[in-house]
Amino acid sequence: MMEAALIAQPRGQRRQVLGYLLSYLVVLAAWQLMSLRLGPTVMPSPLETARAALTILSTPVLAQHVPITIFRTVAGVVVSAALAVLLVLGARYLAPFRVFFLNAFYPGLRAVPPVSIALLAIVWFSLGTKAVVFVIVVTVLPIYLIALWEGLKVLDEGLLEMGYAVARNRFAVFRKLAAPMLVPTMFSATKLGFSVSFKLALVGELLAATEGIGYVMHAAQQEYKTHLVIAWTVIMLAVVVLVEHYVFNLVERKYLYRWETTKE
Amino acid sequence: MSGALNTEKLSKSYGLLQVLADVSLSVQGGSFTCIFGPSGCGKTTFLRILAGLEPFNGGAVEIDGQDVRALGTGLGRQLSIVWQDPRLVPWRTAGGNVELALELRGEADRRRRREVAREVLRLVDLESYYDRLPRELSGGMRQRVNLARALALDTPVILMDEPLSNLNEITEKRDLMEKILRLWELRRKTIVYITHLLNEALYLCDRLVLLSAKPTVVVETVDLTIPRPRDLTAEDLETIKRRVNMLYRDVLV
């Protein structure tokens with residue numbers, strides 16, 4: 001039985017790899033067919049796109065624009081997180097602000113369309129990083145607000161009471177117990193916030209910047225270089241996957257396992 | 001600080017429901033007092049009031065002659081609590097949980113915190129489990145960390161809220177009772193121990209306070225001068241059990 005399982009395992013793995021390869025081949029074949037039918041301006045072929053991606057990777061354009069977009073993305077996430085912490089704590093501990101926060105600020109912020117924000121950002125900050133970060137913050141902030149607000153509601157009251165019985169100081173209890181308890185909540189919000197922020201950075205750059213990937217993609221689209229638009233999209237997809245795998249998953253595995261609930 | 005505790009005509013209501021009615025109690029410093037009463041009579045509410053975690057409607061609570069309400073942040077230095085459930089933070093080790101209590105208390109010296117944590121974990125036979133997370137410990141071990149945390153705070157009074165009730169194994173219960181007794185004899189802190197199990201109370205305490213059902217009053221106080229370790233089947237303890245059972249039959253009827 002055991003031997004059979006050991007023999008079956010590599011065969012199962014081979015099948016899995018074959019399955020992956022086959023699904024990619026199907027996608028590429030469909031892509032190629034669409035390219036032949038629609039023409040290279042509307043849908044460039046996979047080969048043409050791969051060539052364009054290689055060109056991007058081998059020129060300074062990548063090093064010039066990718067760091068700018070990543071910086072804007074990270075800045076948007078950091079500012080959103082910091083603002084959310086301040087606002088949620090304010091709402092938790094200041095009753096008059098809580099009313100405004102719950103009834104006006106949070107629902108209003110959630111409903112503002114990103115396009116309006118982008119257009120206003122250009123008016124208020126002119127083209128550049130500030131405008132793009134503003135667009136990100138206004139849109140990503142509600143993700144943090146809802147996560148933190150709900151996270152505060154489900155804090156372990158027993159632990160907080162234990163802490164208060166020892167410290168008799170609510171700030172110490174917040175710092176030593178409530179804040180660490182909110183780490184997984186913040187982490188999940190950051191994971192979601194990062195991917196949303198990245199997409200928004202591109203949209204923001206398209207409208208309100210003169211550099212960054214969104215701007216370069218827009219320029220390529222204006223010149224009907226669709227193969228470059230798709231090549232940039234593929235590169236960006238790879239960046240997001242790499243960040244997800246090497247940053248978020250690593251942090252989750254290394255540091256967040258301790259937050260697992262106590263088991264009998 | 002002797003850790004003497006007094007309540008004078010203590011009363012507590014939740015709306016129209018009166019939980020405690022004029023509970024007066026005097027606990028000597030360094031004594032082991034068990035508060036015994038039927039389930040739901042307000043024992044935990046009483047303990048939470050003593051700990052300053054619950055407001056009360058009338059009367060007074062004093063530790064060493066000082067009103068607990070006037071003690072403010074100083075109350076944390078007067079008493080510590082062994083909780084019914086261990087209330088350990090899951091992301092810290094056994095040692096880390098004990099150290100956390102000292103951090104919350106404001107102990108800034110990291111080496112000192114570590115020393116104290118090691119010392120108290122040794123007292124509860126968990127020194128070799130210092131680096132284990134709570135989820136890696138048994139229920140009994142977690143409860144011993146809970147006890148060690150209270151010991152680390154070195155307060156004159158330790159309040160214990162049914163610390164054995166979450167343990168399933170009879171051996172774990174017996175083991176923890178022995179440890180509590182040994183540590184009390186070693187450190188002579190004032191212990192106020194809440195329980196609804198008469199055998200547990202008779203085995204542990206030198207003063208038994210019997211509470212009635214709601215609205216709760218102190219029915220009787222029994223001083224136990226029987227030497228330890230106690231045999232729960234011994235005639236003198238059986239006599240007390242019979243008397244308590246008779247009393248409760250009368251009180252509850």
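This is a predicted model: local features need pLDDT of at least 70, side-chain atom pairs count only at pLDDT 80 or more; totals for chains, interfaces and linings use all residues.
Residues are numbered from 1 along each chain as its sequence is written, with chains lettered from A in the order in which they are written. Local features need pLDDT of at least 70, side-chain atom pairs count only at pLDDT 80 or more, and side-chain values use heavy atoms, leaving out hydrogens and water.

**View 1. A nonpolar patch on the surface of chain A.** Patch members have over 30% relative accessible area and no salt bridge, and nonpolar side chains are joined within 5 Å. Tyr246(A) sits in helix 10 (residues 226-255); helices here are DSSP runs, H or I, of at least four residues. Tyr246(A) counts as exposed because its relative accessible area is 55%, and exposed means over 50%.

**View 2. Helix 5 meets helix 6 in chain A.** The axes, lines fitted to C-alpha atoms over the stretch in contact, lie 9 Å apart at an angle of about 145°.

**View 3. Helix 4 and helix 6 of chain B.** Here the axes come within 9 Å and cross at roughly 35°. The contact includes Ala101(B) and Leu102(B) from helix 4, and Ala148(B) and Arg149(B) from helix 6.

**View 4. Helix 1 of chain B is mostly covered.** Of its 8 residues, 7 are buried (under 20% relative accessible area), including Phe46(B) and Ile49(B). After the helix comes Gly52(B), with a positive phi near 75°.

How values were computed: Patches are made of residues with over 30% relative accessible area and no salt bridge: like charges are joined within 9 Å, nonpolar side chains (Val, Leu, Ile, Met, Phe, Trp, Tyr) within 5 Å. Accessible areas come from the Shrake-Rupley method with a 1.4 Å probe; for residues, only the protein chains shown count as cover. A salt bridge is a side-chain nitrogen of Lys or Arg within 4 Å of a carboxyl oxygen of Asp or Glu. Helices (H or I, at least four residues) and strands (E, at least two) are DSSP runs, numbered from the N terminus. Buried means under 20% relative accessible area, exposed over 50%, partly exposed in between (1.4 Å probe, protein chains only). Axes are lines fitted to C-alpha atoms, for helices over the stretch in contact, and angles run from 0 to 180 degrees between N-to-C directions. Contact means heavy atoms within 4.5 Å.
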